[in-house]
Structures are given as structure tokens and as C-alpha cells.
Amino acid sequence: HTHTHTHTHTHTHTQGASVSEWLARHASGDQNDFLGFDTESVPSVRSSSLQYKGPATLQLATADGACLIVHLAHVSRQNCFVDPASGAIKDAPEGAGLANRFRGLEDLVEMLRDQTVLKCGVGIDQDAIDMWREHRIALCGRFDLGGIGASGTRTQGLQRLSESVVPGFQLAKSKKLSMSDWSQKPLTPKQLEYAAADAFAGVAVVSTLMSRPPPHAPSGDET
């Protein structure tokens, strides 16, 4: 499925070959030093009834507007089975551990743990915890943008940060969408737009800051 966002050209995939193709084009070698990163999860108030835990989508974006959305929940269901008694998603009998859920996404998993590919986002450290706890996928090479312009221990939200740093940038946030069922198939066009925008906002912040001249450092003889 391909969806075009105001700022991005978004590709939503559940097939490993398509994901690998996107990564080879946009996230390998010297093509991009950094990527915007975000995830969307089923809200806790829904997860118990839907029997799905952890990040349901994973989004990557480049500074030139290419965005990939991987529907982890759907991949998980393809590789596993649903227990008819409880409705819970379980690993297929021939599988070994949680990693079996994401067969076919080996190139994505390798890129996520590659420390030389910088992934940028607000709250990405918590995303890393959730990815490992629920999916046993390591997320390395992280830059949490929440500390930029933070006051004390209070971090910046993605909307405020992106709109304050990137000239003319507007990031629409919807509680209804953020609390929606991100494990459903297919995702709605509004969900896709929301998810893509979050990932692109992160990379837009980093790209904008990197384009600015470094602040003037006072010399030792200045008073």
C-alpha cells in the first residue's frame, strides 16, 4: 500500500522483500546519516481486549520525505497463530522465541541494531525499551530529541519541538488517532498520515538544526 502525505512519500509494507528494498534505497551506506523514527502502539486500555502488546507499527523517514511504515502487528499475525481459546497471539510451534514473529524482516532488525545508522525521535529511548521487552528487537544508535530545549527534567513534546525548530512546520496531533487500534488491518489513511508525520517531524528537526551554523563559542580572552 502506498500513501502520500503532505510532507512525505509513504510506503506501508508487511512483506520483507519490500522493506529490504526501501532500506537499501534509503538507509544504507552514505545515503542518509540519520533517520526519523517512531512507533505506534495499541493503547493499554485496548491491548488486553485485543491481545496485542508492544509497538504495532514502526515508522522510518528520511530528510527528503521518504517514509516507511512497517505494520509489525500484521507481520506478527502472519508468522504466528491466534489461540482459539484465549485469542492471544502465540509463536508458531516450529518457531523459536519472540524473534520468530518477524521472519522476513531480518534486514530491518539488522538496521535497527546498527549503531552507525542514527535514529532520531522524541521518546525513542522508551520505544527501545518497548521494542526489546515485547518483541526482543534491539534499537541501537538512538538520539532522543526530547532533551532539546527541555526545562529541567521535563522533556519537549514532538509537536512543540518540531513547530518551534522547523520554520513553517505544523504537526497535527489527534488523541482519537493516537488512541486508535494500531493493530487493525488495514490501517486507515488517517492513521498512515498520522504515523508518517511523526517520523518525518523527527528527521525534520535534526535536518534543520544541522543546517544552522554552529553557535559562536567565546574565545578565552573575552570577558
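Predicted model: local features only at pLDDT ≥ 70, side-chain atom pairs only at ≥ 80, totals over all residues.
Residues are numbered from 1 along each chain as its sequence is written, and side-chain values use heavy atoms, with hydrogens and water left out. Local features need pLDDT of at least 70 and side-chain atom pairs count only at pLDDT 80 or more, whereas totals for chains, interfaces and linings use all residues.

The mean pLDDT (the predictor's confidence in each residue, from 0 to 100) of the protein is 80, and 74% of its residues reach 70 or more. Among its elements, mean pLDDT is lowest in strand E1 (residues 2–4), at 32, and highest in strand E4 (residues 55–61), at 95. Helices (H or I, at least four residues) and strands (E, at least two) are DSSP runs, numbered from the N terminus.

Helix H6 (residues 158–165) packs against helix H8 (residues 189–211) at an angle of about 40°, with the axes 9 Å apart. Axes are lines fitted to C-alpha atoms, for helices over the stretch in contact, and angles run from 0 to 180 degrees between N-to-C directions. In H6, Leu158, Leu161, Ser162 and Val165 are in contact (heavy atoms within 4.5 Å) with Asp198, Ala201, Gly202, Val205, Thr208 and Leu209 of H8.

Asp127 lies in helix H5 (residues 124–135) and is buried (under 20% relative accessible area, 1.4 Å probe, protein chains only), with a relative accessible area of 9%. Beyond residues up to four places away in sequence, Asp127 touches Phe37, Asp38, Thr39 and Leu139. The C-alpha atoms of Asp127 and Gly54 are separated by 9.2 Å, although these residues are 73 residues apart along the chain.

Key. Buried < 20%, exposed > 50% of the residue type's maximum accessible area, 1.4 Å probe, protein only.
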